[in-house]
Amino acid sequence: MSKIVVTDWAIPPLFYASLRFSVVALLMLPWLLPVPRPFWRISAIALTLGGGSFALVFLGLKTTSPSAAAIILQLGVPFTVLLSILLLGERIHWRRGFGIALTLAGVLVVSWNPHGLSLSTGLWFVAASALAGAIGAILMKQVGGVKPFRFQAWVGLISASVLAPLSLTLEYPPPL
């Protein structure tokens with residue numbers, strides 16, 4: 001559906017992402033208070049796992065197929081595991097290592113062409129989305145005591161608050 005929205009309907013990707021998070025924020029408004037702590041970490045999670053990740057994937061979908069994007073998005077799992085190892089000191093079993101290798105092999109298959117390895121601009125945006133989501137997941141592992149609805153309310157509000165002005169600045173005037 002997102003591919004249709006950003007290509008066939010010509011809805012600007014940042015606007016589409018801001019609209020998505022505005023709806024989330026409105027629906028989750030009753031759960032907004034009290035403000036979760038630490039607020040800076042909730043904001044960082046919202047901007048990486050929320051708005052940043054979705055905005056990047058919607059930008060990528062403008063120029064790439066949903067099937068290729070789905071494969072590249074699988075990079076989020078090994079990105080998260082590798083960041084967990086590097087930043088949180090987690091250890092993995094050989095099976096997870098094998099799974100990471102399979103994921104990377106799948107990405108190589110999708111991005112290989114007769115002239116060698118290459119990712120289109122759209123797939124780079126999708127890979128950046130996977131990395132942003134992984135960073136947000138690592139940040140989220142360090143937050144405790146925030147109820148899911150409150151978390152979603154703040155992700156929606158913060159993401160919409162950042163993406164709407166970005167859309168107005170970078171995508172204005174919107175196509176008719």
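Reader: What percentage of the 176 residues in the protein is buried?
Author: The model is predicted, so local features need pLDDT of at least 70 and side-chain atom pairs count only at pLDDT 80 or more, while totals for chains, interfaces and linings use all residues. Residues are numbered from 1 along each chain as its sequence is written, and side-chain values use heavy atoms, leaving out hydrogens and water. Buried means under 20% relative accessible area, exposed over 50%, and partly exposed in between (1.4 Å probe, protein chains only). Of the 176 residues in the protein, the buried ones make up 40%.

Reader: In what order do the elements of the protein run from the N terminus on?
Author: Helices (H or I, at least four residues) and strands (E, at least two) are DSSP runs, numbered from the N terminus. The protein has eight helices and two strands. From the N terminus on, the order is α-α-α-α-α-α-β-β-α-α.

Reader: Which element of the protein has the lowest mean pLDDT, and which the highest?
Author: pLDDT is the predictor's confidence in each residue, from 0 to 100. The protein averages 87, and 94% of the residues score at least 70. Where pLDDT is low, the predicted coordinates should not be read in detail. The lowest mean, 62, belongs to strand 2 (residues 116–117), and the highest, 95, to helix 2.

Reader: What radius of gyration does the protein have, against that of a compact globule?
Author: The radius is taken over C-alpha atoms, and the globule rule is 2.2 Å times the number of residues to the power 0.38. For 176 residues, a compact globule would have a value near 16 Å; the protein agrees with this, at 17 Å.

Reader: Which residues have the most contacts inside the largest nonpolar core?
Author: A nonpolar core is a set of buried Ala, Val, Leu, Ile, Met, Phe, Trp, Tyr and Cys residues joined through side-chain atoms within 4.5 Å. The largest has 34 residues, and the elements giving two or more residues to this core include helix 3 (39–61) and helix 8 (148–170). Those with the most contacts inside the core are I42, F58, I72, L75 and L163.

Reader: Which residues does S2 touch, not counting residues up to four places away in sequence?
Author: S2 lies in helix 1 and is buried, as its relative accessible area is 18%. Contact means heavy atoms within 4.5 Å. Without residues up to four places away in sequence, S2 touches Y16, F58 and L61.

Reader: Is I71 buried or partly exposed?
Author: I71 has its place in helix 4. Beyond its neighbours within four places in sequence, I71 is in contact with G106, V107 and V110. With a relative accessible area of 35%, I71 is partly exposed.

Reader: How far apart are the end C-alpha atoms of helix 8?
Author: The expected span of a helix is 1.5 Å times one less than its number of residues. The 23 residues of helix 8 should therefore span 33 Å, and the separation of its end C-alpha atoms agrees with this, at 32 Å.

Reader: Which elements are included in what covers the buried residues of helix 8?
Author: Among the buried residues of helix 8 are F151, W154, I158 and L163. Their cover includes helix 2, helix 3 and helix 7.

Reader: What is omega for the cis peptide bond that joins R37 and P38?
Author: P38 is placed in the loop between helix 2 and helix 3. P34 also lies in the loop between helix 2 and helix 3, and a cis peptide bond joins L33 and P34, with omega about 0 degrees. For the cis bond joining R37 and P38, omega is about -10 degrees.
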